[in-house]
Amino acid sequence: MRWSGVAGVDATRDDDEAAVISAKDILRGITHIGQVVEMPLFSQVTGNLWMGGCPVIQAPVEFDFIINLYPWGRYEIHAHQVQVTARLYDAAEIPDEKLLARLTHLIRQFCVQGKVLVHCQMGLNRSPLVVALTLIESGMKPADAIGLLRERRSMAVLCNSTFERWLLSLEFLE
């Protein structure tokens, strides 16, 4: 399935069935600022909204919608899943704001319909950026959104200070 009218994103649906990866898998690593992290592969943020790292081999069957912000990681999806792929970089600049707005709009729509996984490579910067923005656009204060993501996932969430500063600056735009 291809989503039409959504510029900058590519959505596909696959009809293959395969093994399930457990959400209890653990990611371990070191951030670019030297912080040691250990966290679940996926973390529930609120209700149907989850975020995390890139699935390995197969997307977990329990997710209905997958927002893939790390297109370099390849894995299979299940027949019932819709995957939206957008290329975001974990860099010292904010990704295209129009693309971020399209993604947050889709996430809010998808959350009404089923379980949504937003992922990047490790689930520390790109996916928290998009998930925090989704929470902010749903009425949460930026600092509260960031705090919730750190509580639910890892204190290393948004260790990209450019992303964190930008999100916090949104409070003054309200």
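Predicted model: local features only at pLDDT ≥ 70, side-chain atom pairs only at ≥ 80, totals over all residues.
Reader: Let's start with the rings. How many aromatic pairs are there?

Author: Two rings pair if their centres lie within 6.5 Å. By that rule, the count comes to 5 aromatic pairs. One of them is W72 with Y89, with 5.5 Å from centre to centre and 50° between the planes.

Reader: What is the pair of W72 and Y89 called at that angle?

Author: Planes under 30 degrees apart count as stacked and over 60 as edge-to-face, with the rest tilted. At 50°, W72 and Y89 are therefore a tilted pair.

Reader: Which parts of the chain does this pair tie together?

Author: W72 is in the loop between β7 (65–68) and β8 (75–76), while Y89 is in the loop between β9 (82–85) and α1 (97–113). The pair therefore joins parts that lie 17 residues apart in sequence.

Reader: Which residues do ring pairs link into a cluster?

Author: Those are F42, W50 and F63.

Reader: Now the pocket, please. What lines the second largest pocket?

Author: Rolling a probe the size of a water molecule over the atoms shows where empty space is left. Here, the second largest pocket holds about 160 Å³. Its lining has 13 residues, with D90, Q121, M122, L124 and N125 nearest the centre. By class, the lining has 6 nonpolar, 5 polar and 2 charged residues.

Notes. Residues numbered from 1 in each chain as written. Heavy atoms only, no water. Phe/Tyr/Trp six-rings, centres within 6.5 Å; stacked < 30°, edge-to-face > 60°. Helix = DSSP H or I, 4+ residues; strand = E, 2+ residues; numbered from the N terminus. 1 Å grid on protein atoms, 1.4 Å probe; cavity = no way out; pocket = protein on both sides within 12 Å on 5 of 7 lines; lining within 4 Å. Points joined across faces, edges and corners; volume = space filled by probe spheres on them. Nonpolar A, V, L, I, M, F, W, Y, C, P; charged D, E, K, R; others polar.
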